[in-house]
Amino acid sequence: NGVINWVLHIQETGAQWIIFNPDEVEGESDLGRYVARKYPPGTSLEVLYHEGKPEEENLALAHVYGNSFPDTDGLTPGFPLLQVGNANEGFMPRDANIYNIVTTASKNSGGGSHVYRQYFVMDRFTNISEKAANLVSQVYQQNYNVNNDADATPTGRLVHLYKQGNNIGATIGDTPCYGAEIPFPYPTDDAGNTIILQSRGGAGVHGVTDRLGKCVLTVAMQQGLTGAIRGGPTGKQLVLNFYTSDGHPTGENYLVDGIRHWYWKSNRMLVYPSEPLNTVEACPDAEVELEAKFPVYNYINVTYADDAYNYELITDKVCTGSTTPNKNSKALFEVKCGNSRYIGPDPYYFAPDGFSSDDQKKRPYICKNDSTARGEWRLLGFFPDGACSSIEVDYVFDEDMCSIA
């Protein structure tokens, strides 16, 4: 009914065992004694199997786990333990064939990480031996311990956690945390409706140019409004994008440092052109260039020149860590149990107490606050001990908060 271990070496006795699930034998209640009678010491075993499809029509799975395992220990010292069984073994049949990989235990200590690269290969049966053999040299194991040999530890990237309300977001490296998209603040009429910008195809130099000492251009507009609508700050560069009357982009645009007025007397938009056309001397050239950009009755869509201005900049940084362990750092988790959240170094935060006074086992998969829920963990990085303590409770990690990180 399946072989669990082809060879299991027992270190204490030196014995080597083959462990398998036998079929039931009518009239035999002690299958162990029955097998012992059938196979006395010195018996040779021949394993037979049923012929199936031709080899070239079969698919196969190969596990490449290497042939060198230095500095390892465990039930089978120096080697990983592989267990293979079938779905019908035991008193409770399972709906899957069993393949357990007990990777070699590392002689490591607190603060250490054990790296073990292995491969699974899926291919045609006739090809798989060669492909698997070519990967054996790519398998490796390595121990890193930041407390004992910090210089040998791989250098990771910085991880920054930001706070916005009760949400926590993250960025990597020197990328800022940009939040929700901010639509461009178009002017509205008295009813609160966004005004559609449509030009009448004329541009000119505004008389305020000399007084301000910088170029101000006017654009003739279709809509007429009562009074004047001032523009916003001029510290952000804007782009005037021109569209045809049926809504198709013309491919023409014009860079400005800001909009002085969305509407001014005689239905004019007042804009500040950008370098090198922003000076008083260059203003006539700026007028010619702008007027050549659009035909009569052109629609204008205004956007920020820098994409970053389209998103809210979140600046409330909570703590900074790394993608890899560092000396005096701890792994930081977001732990979920039902509707409860915890962000901190204790993976057992929601684990219940033992079932008895002598029971010291940790059962983090059971949520003490919600018996119907199961724990979920997300590793956020490795942070200095206590650096993120202000967000341990009542905060939720939102992977989309820093939207363009």
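Q: Which residue's side chain meets that of K330 in a salt bridge?
A: D385 does, with 3.7 Å from N to O. This pair links distant parts of the chain, 55 residues apart: K330 is in strand β23 (residues 329-337) and D385 in the loop between β27 and β28. A salt bridge here is a side-chain nitrogen of Lys or Arg within 4 Å of a carboxyl oxygen of Asp or Glu.

Q: What kind of model is this?
A: The model is predicted: local features need pLDDT of at least 70, side-chain atom pairs count only at pLDDT 80 or more, and totals for chains, interfaces and linings use all residues. Residues are numbered from 1 along each chain as its sequence is written, and side-chain values use heavy atoms, with hydrogens and water left out.

Q: Back to the pair. Why does D385 count as exposed?
A: D385 counts as exposed because its relative accessibility is 52%. K330 is partly exposed, at a relative accessible area of 42%. Exposed means over 50% relative accessible area, buried means under 20%, and partly exposed is in between (1.4 Å probe, protein chains only).

Q: Is R33 buried or exposed?
A: R33 counts as exposed, at 59% relative accessibility. D30, its partner, is partly exposed at 35%.

Q: Which residues are linked in a network of salt bridges?
A: E334, R378 and E399 are.

Q: New topic. How many helices and strands does the protein have?
A: There are four helices and 28 strands.

Q: What share of the residues is buried?
A: Of the 405 residues, 32% are buried. The protein exposes about 25,300 Å², and carbon and sulfur atoms supply 49% of that. Accessible areas come from the Shrake-Rupley method with a 1.4 Å probe, and for residues only the protein chains shown count as cover.

Q: Which residues form the nonpolar patch on the surface?
A: W6, V7, I18, F20, Y39, L45 and V47, with about 710 Å² of accessible area together. The elements that give two or more residues to this patch are β1 (3-9) and β2 (16-20). Patches are made of residues with over 30% relative accessible area and no salt bridge; like charges are joined within 9 Å, and nonpolar side chains (Val, Leu, Ile, Met, Phe, Trp, Tyr) within 5 Å.

Q: Where is V47?
A: V47 sits in the loop between α1 and β3. Its relative accessibility is 56%, so V47 counts as exposed.

Q: Which residues gather in the patch of negative charge?
A: E51, E55, E56 and E57 do, on the surface. Asp and Glu count as negative and Lys and Arg as positive, while His and the chain ends are not counted. The place of a charge is taken as NZ of Lys, CZ of Arg, CG of Asp or CD of Glu.

Q: Where is E56?
A: E56 is in the loop between α1 (31-38) and β3 (59-64). It is partly exposed, with a relative accessible area of 49%.

Q: Now the backbone. Which residues are joined by a cis peptide bond?
A: E275 and P276, with omega about 0°. P276 lies in the loop between β19 (268-273) and α4 (283-291).

Q: Which residue has a positive phi although it is not a glycine?
A: D394, at about 70°. It is found in the loop between β27 and β28, and at 61% relative accessibility it counts as exposed.
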